[in-house]
Amino acid sequence: MIYYFSLQAVALFAGAVLCLLGIAGLTAPNLVRTNLARFPRSRLAGVIILAIDLIWSFWLVSTMEMGEFSAFRRPFLIALPIGFLLTIRFVEEFLAVRALGILTLLAAEPLLEAAFFRYEASRLALTVFAYTLIVLGLTWVTLPYKLRDQINWFIKSTPRWRGLNVFSFVYGAALVALAFFSY
């Protein structure tokens, strides 16, 4: 195990994040829509999120058990900052989207690990969310224009926008409720 988070703590955190995103989208729709439309091409957001990815990845590589690959720990620790700098230097298109995709891939692992070997059927609510993050993360890293298209599709129509944010809030509230009453 890499992370030692309980299922309750992970569900509470993921639910709180989803609730906050849903509330932000419902209470300040124009501000959030405007900023979200600019996000895919935002260089500053890309560098900040990529720095978070670097720190998280560096911590993972330096602390996790690598078994027979432990001889590669030092080269990985050297390659991570070099890759970070090269990415900032040469990836100009959709850096924020690619960095967000990497972040979602990193974030999915603690969710799945917390639900591993748990027998409650309610753990599947968190597992479905984790696999959704994985699919979205892989899509955004390999096809970053898809996030731009997804954002444009959701912000074009008010009912779609409200539906997305209501779904986010309800799913987050369900995860928080499961954290308190089921896990």
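A pocket is an open set of points, on a 1 Å grid over the protein atoms alone, where a 1.4 Å probe fits and protein lies on both sides within 12 Å along at least five of seven lines. Its volume is the space filled by probe spheres set on the points, with grid points joined across faces, edges and corners. This is a predicted model, in which local features need pLDDT of at least 70, side-chain atom pairs count only at pLDDT 80 or more, and totals for chains, interfaces and linings use all residues. Residues are numbered from 1 along each chain as its sequence is written, and side-chain values use heavy atoms, with hydrogens and water left out.

**View 1. The second largest pocket holds about 190 Å³ of space.** By class, eight lining residues are nonpolar, three polar and two charged. Here Ala, Val, Leu, Ile, Met, Phe, Trp, Tyr, Cys and Pro count as nonpolar, Asp, Glu, Lys and Arg as charged, and the others, Gly among them, as polar.

**View 2. The largest pocket holds about 1,600 Å³ of space.** It is lined by 38 residues, and Val17, Leu18, Leu21, Phe129 and Leu133 are the closest to its centre. Helices α1 (7-27), α2 (29-38), α5 (95-115), α6 (123-142), α7 (145-156) and α8 (158-181) each supply at least two residues of the lining. Helix α1 gives the most, with ten. The lining divides into 30 nonpolar residues, eight polar and no charged.

**View 3. Helices α3 (residues 43-63) and α4 (residues 73-90) pack at about 175°.** Their axes are 10 Å apart. Axes are lines fitted to C-alpha atoms, for helices over the stretch in contact, and angles run from 0 to 180 degrees between N-to-C directions. The angle makes α3 roughly antiparallel to α4 (over 145 degrees). Among the residues that meet are Leu50, Leu54 and Phe58 in α3, and Phe76, Leu80 and Phe84 in α4. Contact means heavy atoms within 4.5 Å. This contact has twelve nonpolar, four polar and three charged residues.

**View 4. Val176 sits in helix α8.** Val176 touches Ala11, Leu12, Gly15 and Ala16, leaving aside residues up to four places away in sequence. Val176 and Gly15 are 161 residues apart in sequence. In space, their C-alpha atoms are 5.1 Å apart.

**View 5. The protein has eight helices and zero strands.** Both are DSSP runs, numbered from the N terminus: helices are H or I of at least four residues, strands E of at least two. The C-alpha trace spans about 55 × 45 × 20 Å along its principal axes.

Notes
Parallel < 35°, antiparallel > 145°, perpendicular 65-115°, else oblique. 1 Å grid on protein atoms, 1.4 Å probe; cavity = no way out; pocket = protein on both sides within 12 Å on 5 of 7 lines; lining within 4 Å.
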